[in-house]
Amino acid sequence: MIEEIRKIIAEHGRLSVDVAGLAPNADLYHAGMTSHASVNVMLALEDHFDIEFPDRMLKRSVFESISAIESALNELRAEQPVS
Amino acid sequence: MAPRVGIDLVSVESVRESIDKHGDRYLNRIYNENELSDCHTPQGIVAERLAARFAAKEATLKVLRPVDEAIPWRTIEVVRHGAGWVEVELSGRAAALAAEAGLSDFALSISHEAGYASAIVIAELDLRNRRSDPIEKT
């Protein structure tokens, strides 16, 4: 899952650094991701993983690192099993 | 009374990319119906106007200063008046957070030029009026 997240961030995150070199817990906002780019990352994650981020998860900490995104996706997949 | 200020800058190209890749899902997730209506012209939706509105929402969040709390974008709405000026209106959790913090009299200005849109929001902070301070909660 980590590599899928990396690919989506690389395509939509508009980072100023190479995503491949980022540690899973590296701060994506410090790496150049803007709030607007995080929206694109969120929508691309929803498309790719067939989930939907509820309002309660639309906060900075959910998208601040690859690890945080992975945790959120695992939580959502448990709540919203793919049919 | 003291002012609290928020500012934000958004790439118009980033907004255009969002519309191209995610279409209505992007538009309806972020913007209210009136905001979308204000950004439509006979030639289609104007990405510069949307970018200015997104900047306004982010600038407002910088004034509200939520502490790792989800504030849906649609609870911060840019309202355009007939003569052309804009105001920001809060609802739901954004309005509640403003009341808790003692923030009122929000004022907004937006602009766009050369591929970027910006917004600045100023609000009055009156600590005597705040309902509670989430930062001070234990």
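Visitor: Why does B:Asp68 count as exposed?
Guide: B:Asp68 has 9 C-beta neighbours inside 10 Å. A residue is exposed if 12 or fewer other C-beta atoms, placed from the backbone, lie within 10 Å of its own, buried if there are 20 or more, and partly exposed in between. With its 9 neighbours, B:Asp68 therefore counts as exposed.

Visitor: What kind of model is this, and how are residues and chains labelled?
Guide: This is a predicted model, in which local features need pLDDT of at least 70 and side-chain atom pairs count only at pLDDT 80 or more, whereas totals for chains, interfaces and linings use all residues. Residues are numbered from 1 along each chain as its sequence is written, and chains are lettered from A and ligands numbered from 1 in the order in which they are written.

Visitor: Where does B:Asp68 lie, and what is its phi?
Guide: B:Asp68 is in the loop between H3 and strand S4 (76-80) of chain B. Helices (H or I, at least four residues) and strands (E, at least two) are DSSP runs, numbered from the N terminus. The phi of B:Asp68 is positive, about 45°, although this residue is not a glycine.

Visitor: Why does A:Asp50 count as exposed?
Guide: A:Asp50 has 12 C-beta neighbours inside 10 Å and therefore counts as exposed. A:Asp50 also has a positive phi, about 55°, without being a glycine, and is found in the loop between H2 and helix H3 (66-79) of chain A.

Visitor: What makes B:Asp38 partly exposed?
Guide: Its 18 C-beta neighbours inside 10 Å give B:Asp38 that class. B:Asp38 is part of helix H2 (residues 33-38) of chain B. Not counting residues up to four places away in sequence, B:Asp38 touches B:Arg49 and B:Arg80; a contact requires C-beta atoms, placed from the backbone, within 7 Å.

Visitor: Why are H2(A) and H1(B) called roughly perpendicular?
Guide: Helix H2 (residues 35-49) of chain A and H1(B) pack at about 70°, with axes 10 Å apart. Axes are lines fitted to C-alpha atoms, for helices over the stretch in contact, and angles run from 0 to 180 degrees between N-to-C directions. Angles of 65 to 115 degrees count as roughly perpendicular, under 35 as roughly parallel, over 145 as roughly antiparallel and the rest as oblique. The two helices are therefore roughly perpendicular to each other.

Visitor: How many residues does each chain bring to the contact?
Guide: Chain B brings 15 residues and chain A 14 residues. On the side of chain B that touches chain A, H1(B) gives the largest share, eight residues.

Visitor: What is a nonpolar core, and which residues touch the most other members of the largest one?
Guide: A nonpolar core is a set of buried Ala, Val, Leu, Ile, Met, Phe, Trp, Tyr and Cys residues joined through C-beta atoms within 7 Å. In the largest, of 52 residues, B:Ala51, B:Ala55, B:Ala56, B:Leu64 and B:Val121 touch the most other members. H3(B) gives the most to this core, with 11 residues.

Visitor: How do you know that the radius of gyration of chain A agrees with that of a compact globule?
Guide: The radius is taken over C-alpha atoms, and the globule rule is 2.2 Å times the number of residues to the power 0.38. For 83 residues a compact globule would have a value near 12 Å, and chain A has 12 Å, which agrees.

Methods:
Two residues are in contact if their C-beta atoms, placed from the backbone, lie within 7 Å.
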